[in-house]
Amino acid sequence: MNGATRLAMLRNDLQMLTTSQDDYLLQLIEMADGLIKKEGIVLTEGDIESDGLVAMYAAYLFRKRAGSETAMPRHLRYAMNITLFSQKAGG
């Protein structure tokens, strides 16, 4: 896992300019990583697509806690499905 890359991607997604919430964001990244793996997706260390997927999921977890809409965003579900289907097809 490339934590620095994932953290940077997540902070950019959330438009955070400070590091004041980095401890919490790192926990969300770890949680997102685990939840994605439970879906059957194999994450590849140092792969930009894997890092991006984890950052998107962590951003969803961050936004979910503050909003009334708790359903997973369609773009995230789509990205996870495409990744899973691609891996199951061998490509």
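1. Basis. The model is predicted, local features need pLDDT of at least 70, side-chain atom pairs count only at pLDDT 80 or more, and totals for chains, interfaces and linings use all residues. Residues are numbered from 1 along each chain as its sequence is written, and side-chain values use heavy atoms, with hydrogens and water left out.

2. R11. This residue belongs to helix α1, residues 3-13 (helices are DSSP runs of H or I, at least four residues, numbered from the N terminus). R11 is buried at a relative accessible area of 18% (buried means under 20% relative accessible area, with a 1.4 Å probe and protein chains only). A polar atom of the R11 side chain lies 3.3 Å from the backbone oxygen of L17. Residues up to four places away in sequence aside, R11 touches M16, L17, T18, T19, D22 and L25 (contact means heavy atoms within 4.5 Å).

3. L7. Helix α1 also contains L7, which is buried at 12% relative accessibility. Beyond its neighbours within four places in sequence, L7 contacts D22, L25, L26 and I29. The C-alpha atoms of L7 and D23 are 9.9 Å apart, with a sequence separation of 16 residues.

4. Length of α3. Helix α3 covers residues 48-64, and its end C-alpha atoms are 24 Å apart.

5. Burial of α3. Because 12 of its 17 residues are buried, α3 is largely enclosed by the rest of the structure. Among the buried residues are the run from S50 to A55, namely S50, D51, G52, L53, V54 and A55, together with Y57 and F62. The buried residues of α3 pack against α1, α2 (22-38) and α4 (74-88).

6. Packing of α1 on α3. The two helix axes come within 9 Å and cross at roughly 45° (axes are lines fitted to C-alpha atoms over the stretch in contact, with angles from 0 to 180 degrees between N-to-C directions). On the α1 side, the contact is made by T5, R6, M9, L10 and D13. The α3 side contributes I48, S50, D51, G52, V54, A55, M56, A58, A59 and R63.

Terms used: Buried means under 20% relative accessible area, exposed over 50%, partly exposed in between (1.4 Å probe, protein chains only). A polar contact is a pair of N or O atoms within 3.5 Å; within protein, one must be able to donate a hydrogen and the other to accept it, and residues adjacent in sequence count only if both atoms are side-chain atoms. The expected span of a helix is 1.5 Å times one less than its number of residues.
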